[in-house]
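Keep the viewer open as you read.

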Amino acid sequence: MLEAHRTPDRPVASAGVRTQVAIIGAGPAGLVLGALLQARGIDAVVLEARSREYVERRVRAGVLEQGTVDLLTELGVAGRLHREGLVHEGIELRFGGAGHRIALAALTGGRTITIYGQQEVVKDLIAARLDAGLALRFGVEDVRVEGVEGDAPAVRWRDGGGEQRLDCDVVAGCDGFHGVCRHRLPAAAARVFEREWPFAWLGILAQAPPVSDELIYCLSEHGFALASARSPSISRLYLQVAPDTGVEAWPEERIWDELERRLGESPPRGRLLERGVTPMRSYVREPLRHGRLFLAGDAAHIVPPTGAKGLNLAVADVRVLAAALERWYANGDESGLDAYSDVCLRRVWGVQFFSSWMTRMLHPAADGDPFALRLQLAELGYVCSSQAAARSLAENYVGLPYET
């Protein structure tokens with residue numbers, strides 16, 4: 001049986017300090033896990049390689065499932081979310097020159113989505129953690145995870161104070177696809193499943209009113225487009241582009257003209273605040289556990305953004321991990337920790353299916369295959385004319401129930 005150590009709260013980690021859970025990564029997965037553990041009286045230290053300014057300005061996803069909003073509310077970090085977030089009760093699928101509304105709330109018993117940028121969620125979680133005097137350190141370098149095969153894990157790193165060491169019971173690898181934790185799992189014991197999609201998204205953030213009160217997913221013969229929002233005065237818009245596209249190939253005027261061509265209407269134009277190209281990848285690493293190291297979020301899996309699931313899936317992971325750690329610390333029950341990978345992966349693969357389905361249905365082939373486009377139009381027509389098909393999309397989009 002694993003031996004659990006209870007450790008009093010400490011404001012910061014330094015050489016030789018002990019905590020219960022070392023969390024590597026201050027993105028949504030790591031910060032939500034820290035908040036969940038705090039609510040359960042479990043001590044944790046959060047370590048982040050980047051600066052606070054960087055993680056708070058990093059623009060990522062903006063669609064929160066109903067369950068994610070409910071959890072952030074329970075944790076007491078959703079005050080600004082409820083004031084500034086945009087609640088959507090439906091989305092529009094636009095194809096063949098016409099729009100078709102999928103009534104999310106009506107089809108799911110009142111469940112909705114909320115538009116609120118990932119960086120805003122991160123800001124709220126960081127502020128709450130620091131206000132509570134809990135350990136959160138930015139700018140850590142050369143992070144090394146040791147001893148997870150036994151019962152005495154440790155994390156080492158360098159910062160302005162020199163070489164640091166943190167002893168712990170468990171390491172939570174929440175440091176993303178490019179972090180160190182996923183590489184700590186032995187290659188011989190891991191299985192990797194991945195797909196590189198043959199297109200990317202060119203995304204812009206613009207100081208302009210949104211095209212619509214609800215998200216628009218648009219399939220056209222010229223390519224996919226997505227019109228979303230971040231606030232009543234800030235729009236988030238995307239265009240399907242080739243995976244090797246550089247932003248320099250898309251000057252401002254070309255972006256607006258192409259959005260108009262694909263959407264079939266002229267979006268309100270404004271100053272571009274940000275633009276970037278995001279490759280589309282599907283990735284799963286199994287299992288999500290190695291000894292005392294548990295992966296969560298993008299360190300374990302990546303989904304194409306069409307289904308709006310990345311942040312929400314990370315939150316689902318750490319819900320499972322926090323509950324398992326609570327049982328372990330309370331009475332030595334290891335069953336939740338042993339089941340962590342399997343429980344999470346059931347949801348991961350369900351989300352991979354939904355995100356891949358949305359991606360395939362809404363992105364025309366790069367070679368302009370007219371037969372494939374007709375099949376996509378037929379599938380969209382079925383989804384919008386069948387209540388059962390529309391309900392399936394709606395249930396997945398607002399977030400399926402959590403496994404208990």
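A crossing is called left-handed if the near helix is turned anticlockwise from the far one by less than a right angle, and right-handed if clockwise. Before using that, some housekeeping: this is a predicted model, in which local features need pLDDT of at least 70 and side-chain atom pairs count only at pLDDT 80 or more, while totals for chains, interfaces and linings use all residues. Residues are numbered from 1 along each chain as its sequence is written, and side-chain values use heavy atoms, with hydrogens and water left out. Helices (H or I, at least four residues) and strands (E, at least two) are DSSP runs, numbered from the N terminus.

Now to the helix pairs. Helix 3 (residues 66–74) passes helix 8 in a left-handed crossing. Their axes are 10 Å apart and the packing angle is about 55 degrees; axes here are lines fitted to C-alpha atoms, for helices over the stretch in contact, and angles run from 0 to 180 degrees between N-to-C directions. That angle makes helix 3 oblique to helix 8, given that angles under 35 degrees count as roughly parallel, over 145 as roughly antiparallel, 65 to 115 as roughly perpendicular and the rest as oblique. On the helix 3 side, Gly67, Thr68 and Leu71 make the contact, and on the helix 8 side Leu311, Asn312, Val315 and Arg319 do. Contact, by the way, means heavy atoms within 4.5 Å.

Helix 1 (residues 28–39) and helix 6 give you another left-handed crossing to look at. Here the axes come within 10 Å and cross at roughly 35 degrees. Helix 1 brings Pro28, Leu31, Val32, Gly34 and Ala35 to the contact, and helix 6 brings Gln118, Val122, Leu125, Ile126 and Arg129.

What about the nonpolar interior? A nonpolar core is a set of buried Ala, Val, Leu, Ile, Met, Phe, Trp, Tyr and Cys residues joined through side-chain atoms within 4.5 Å. Buried means under 20% relative accessible area, exposed over 50%, and partly exposed in between (1.4 Å probe, protein chains only). The largest such core has 73 residues, and those with the most contacts inside it are Val21, Ile23, Leu33, Leu37, Leu72 and Leu325. Helix 8 (residues 310–331) gives the most to this core, with eleven residues. Apart from it lies another core of 36 residues, with Leu86, Ile102, Ala308 and Ala389 among them.

On to charges. Side chains of opposite charge can pair when their charged atoms come close. The rule used here calls it a salt bridge when a side-chain nitrogen of Lys or Arg is within 4 Å of a carboxyl oxygen of Asp or Glu, and the count comes to 28. One of them is within helix 2 (residues 52–57), where Arg52 and Glu56 sit four residues apart, about one turn of the helix. Their side chains meet at 2.9 Å, N to O. Arg52 is partly exposed at 36% relative accessibility, whereas Glu56 is buried at 16%.

Which parts does the bridge between Glu120 and Arg80 tie together? Glu120 lies in helix 6 (residues 118–131) and Arg80 in helix 4 (residues 79–84), so the pair links parts that are 40 residues apart in sequence. The closest N and O atoms are 2.8 Å apart, and Glu120 is buried, at 17% relative accessibility. Arg80 and Glu120 also belong to a network of salt bridges with Glu84, Lys123 and Asp124.

Next, find Glu92 in strand 6 (residues 91–95). Glu92 pairs with Arg94 in a salt bridge, with the closest N and O atoms 2.7 Å apart, and both residues are buried. For Glu92, the relative accessible area is 18%. Not counting residues up to four places away in sequence, Glu92 touches Gly99, His100, Arg101, Leu215, Ile216 and Tyr217.

Finally, the backbone. A cis peptide bond joins Glu286 and Pro287, with omega about -10 degrees; Pro287 is in the loop between strand 18 (271–286) and strand 19 (289–290). Asp142, in strand 10 (residues 141–146), has a positive phi of about 55 degrees although it is not a glycine, and Asp142 is partly exposed at 41%. Ala308 is not a glycine either, and has a positive phi of about 55 degrees. Ala308 sits in the loop between strand 21 (301–302) and helix 8, and is buried at 14% relative accessibility.
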